[in-house]
Amino acid sequence: MPKPCLTPDELTTALETLAGWAAEENGKAITRTFRFKGFTEAFAFMTAAALTAEKMDHHPEWFNVYNRVEVRLTTHDSGGVTALDIDLAKAMDKAAG
């Protein structure tokens, strides 16, 4: 069963606790670009985030070039941002240090 999407007010409140994250204009996803010293650090971040995402059974859309990892989080079967996305964003922030 799909998780309920956050209301616009809930999304705004959640983003206030997430430094660097922003809602897409349509409110259907949240995004952040992480930057690291080099590729090894970026890949280590992605590995840690992937293990967490797998445990959560909630997977990011992401793109990596050298030291940069662009992340987009949305809950596809719900059609927008849910608590799962906020929880994964927090875990990614922790993994990034």
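Me: Two strands pair if DSSP finds at least two bridges between them. With that settled, how many residues lie between the strands in the hairpin of β3 and β4?

Reply: This is a predicted model, and in it the hairpin of β3 and β4 has 2 residues between its strands. Tyr-66, in that hairpin, takes a positive phi near 50°.

Me: How many bridges join β3 to β4?

Reply: There are 5 bridges between β3 and β4, and the two strands run antiparallel. As one example of facing residues, Glu-61 stands opposite Arg-72 in β4.

Me: Back to Tyr-66: is it buried or exposed?

Reply: Tyr-66 is exposed, because its relative accessible area is 52% and the cut-off for exposed is over 50%. Tyr-66 sits in the loop between β3 and β4, and its phi is positive although it is not a glycine.

Me: Let me step back. How many helices and strands does the chain have?

Reply: The chain contains 3 helices and 4 strands. Followed along the sequence, these elements give the pattern α-β-β-α-β-β-α. The radius of gyration is 13 Å, close to the 13 Å that the globule rule gives for 97 residues, so the chain is as compact as a globular protein of that length.

Me: What does the C-alpha trace span along its principal axes?

Reply: The C-alpha trace spans about 35 × 25 × 20 Å along those axes. The chain exposes about 5900 Å², of which carbon and sulfur atoms supply 55%. Buried residues account for 33% of the 97 residues.

Me: And what share of the contacts with a separation of 6 or more comes from residues 24 or more positions apart?

Reply: Such residue pairs provide 62% of those contacts.

Me: Now the sheet. In what order do the strands stand?

Reply: The order is β1-β2-β4-β3, in an open sheet of 4 strands with antiparallel pairing. β1 (22-23) and β3 (61-65) stand at the edges with a single partner strand each, so one side of each has no neighbour in the sheet.

Me: How many bridges are there between β1 and β2?

Reply: β1 and β2 (residues 30-35) pair over 2 bridges, in the antiparallel sense. In that pairing, Ala-22 has Thr-31 in β2 as its bridge partner. On to the next pair in the sheet: 6 bridges join β2 to β4, which run antiparallel. There, Arg-35 has Arg-68 in β4 as its bridge partner.

Me: Which strands does helix α2 lie across?

Reply: Helix α2 (residues 39-56) lies across β2, β3 and β4 (68-73). Relative to β3, the helix runs at about 165°.

Me: Last one: where does Gly-20 lie?

Reply: Gly-20 is in the loop between α1 (8-15) and β1. Gly-20 counts as exposed because its relative accessibility is 56%. Apart from its neighbours within four places in sequence, Gly-20 is in contact with Thr-31 and Arg-32. The C-alpha atoms of Gly-20 and Thr-31 are separated by 8.4 Å, and the two residues are 11 residues apart along the chain.

Methods: Residues numbered from 1 in each chain as written. Predicted model: local features only at pLDDT ≥ 70, side-chain atom pairs only at ≥ 80, totals over all residues. Heavy atoms only, no water. Contact = heavy atoms within 4.5 Å. Axes fitted to C-alpha atoms, helices over the stretch in contact; angles between N-to-C directions. Rg over C-alpha atoms; globule rule 2.2 N^0.38 Å. Buried < 20%, exposed > 50% of the residue type's maximum accessible area, 1.4 Å probe, protein only. Areas by Shrake-Rupley, 256 points an atom, 1.4 Å probe, with all protein chains shown as cover.
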